[in-house]
Amino acid sequence: MATVEDHYEKVLSEVYSWMFGGFESGLQRNVDFIERHNLFPVHSRLAIDLGAGCGFQSIPLASKGFSVTAIDLDASLLDELKANSGDLSIRCIRDDLINFDAYVAGDVELVVCMTDTLLHLDSKETVDLLFSKAFSALQERGKLVITFRDLSFELTDTDRFLPVKSDENIIFTCFLEYEPETVKVNDIIYKRSDNGWDLFKSFYRKLRLSDKWVVDHLSLAGFNTIDANTENGVTTVIATK
Ligand SMILES: C[S@@+](CC[C@H](N)C(=O)[O-])C[C@H]1O[C@@H](n2cnc3c(N)ncnc32)[C@H](O)[C@@H]1O
């Protein structure tokens, strides 16, 4: 069965920055997000970026003065992060993000898990485990920031075909198949070559977590204040210890 790790290696990591309009554009969105949500270091300055990818959150957080531990399974995305982070304080770890607590060397001020990374976990039980590990790792008033799409509502028929992005060289379409607890995400990418168009295809699964489920389970993990806001289909949750 295809794993998330295989899927990124096979198709997704190569086009990841491109999907966001290029590296600089993806970075700028997160610079804006971090400003908008006042994510500045005040206490231990330690931050953990879970599923850091190419560094869209790690780089702006380190630029604001956080000392960031960036964890991801994908070697190419971590290489891209390293190539773009200069002498910023970012330590890259290639491992499953659920093991993040093995790399924590003190009280953490901020944990981020953004852009659907939470939905890449294999089960709701693993999400619960992550919430309780994040709660334990955080200092008092420390924050866990999560962004994700609520996939609990089903698209039907041809609405399940989503045009992700295209330009003169790449056409990226996604097809969703709904399962009781997960969505099977089929990524279909055509790339222009000397012989015409080459097809690359692969799938992975994302968890179907409703906003309410996430908020309720953060509360069960012990978080005091939980702010949730949905804009353009993307939910941002900021949970404070
Ligand atoms: C949608 S990307 C988000 C990347 C980055 N946070 C961003 O906003 O651009 C999800 C990332 O999580 C990573 N990932 C997924 N499951 C993981 C796991 N169990 N452990 C570590 N990394 C994981 C993927 O390799 C990928 O880089």
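A charge is taken to sit over a ring if NZ of Lys or CZ of Arg is within 6 Å of the ring centre and within 35 degrees of the ring normal. In this predicted model, the charged end of Lys241 sits over the ring of Phe135, at 4.6 Å from its centre.

**Aromatic rings and charges**

- Besides the contact of Lys241 with Phe135, there is Lys165, which lies over the face of Trp18 at 5.6 Å from the centre of the ring.
- The structure holds seven aromatic pairs, and one of them joins Tyr16 and Phe20 in a tilted arrangement, with 5.1 Å from centre to centre and 50° between the planes.
- Tyr16 and Phe20 are both buried, and together with Phe23 and Phe56 they form one aromatic cluster.

**Cysteines**

- The count of disulfides comes to zero, where a disulfide would be a pair of cysteine sulfur atoms within 2.5 Å.
- Cys113 is in no disulfide, and the nearest cysteine sulfur, which belongs to Cys54, is 15 Å away; Cys113 is also buried, with a relative accessible area of 1%.

- Ile171, Tyr190, Trp197 and Leu199 make a nonpolar surface patch of about 340 Å².

**Positive phi angles outside glycine**

- Arg141 is a residue other than glycine with a positive phi, near 70°, and it lies in strand β5, which covers residues 138–149.
- The relative accessible area of Arg141 is 53%, so this residue is classed as exposed, a class that begins over 50%.
- Asn232 likewise has a positive phi, of about 50°, although it is not a glycine, and its place is the loop between β10 (225–231) and β11 (234–240).
- With a relative accessible area of 74%, Asn232 is exposed.

Technical notes. Residues numbered from 1 in each chain as written. Predicted model: local features only at pLDDT ≥ 70, side-chain atom pairs only at ≥ 80, totals over all residues. Heavy atoms only, no water. Patch = residues over 30% accessible without salt bridge, like charges linked within 9 Å, V, L, I, M, F, W, Y side chains within 5 Å. Areas by Shrake-Rupley, 256 points an atom, 1.4 Å probe, with all protein chains shown as cover. Salt bridge = Lys/Arg side-chain N within 4 Å of Asp/Glu carboxyl O. Buried < 20%, exposed > 50% of the residue type's maximum accessible area, 1.4 Å probe, protein only. Phe/Tyr/Trp six-rings, centres within 6.5 Å; stacked < 30°, edge-to-face > 60°. Helix = DSSP H or I, 4+ residues; strand = E, 2+ residues; numbered from the N terminus.
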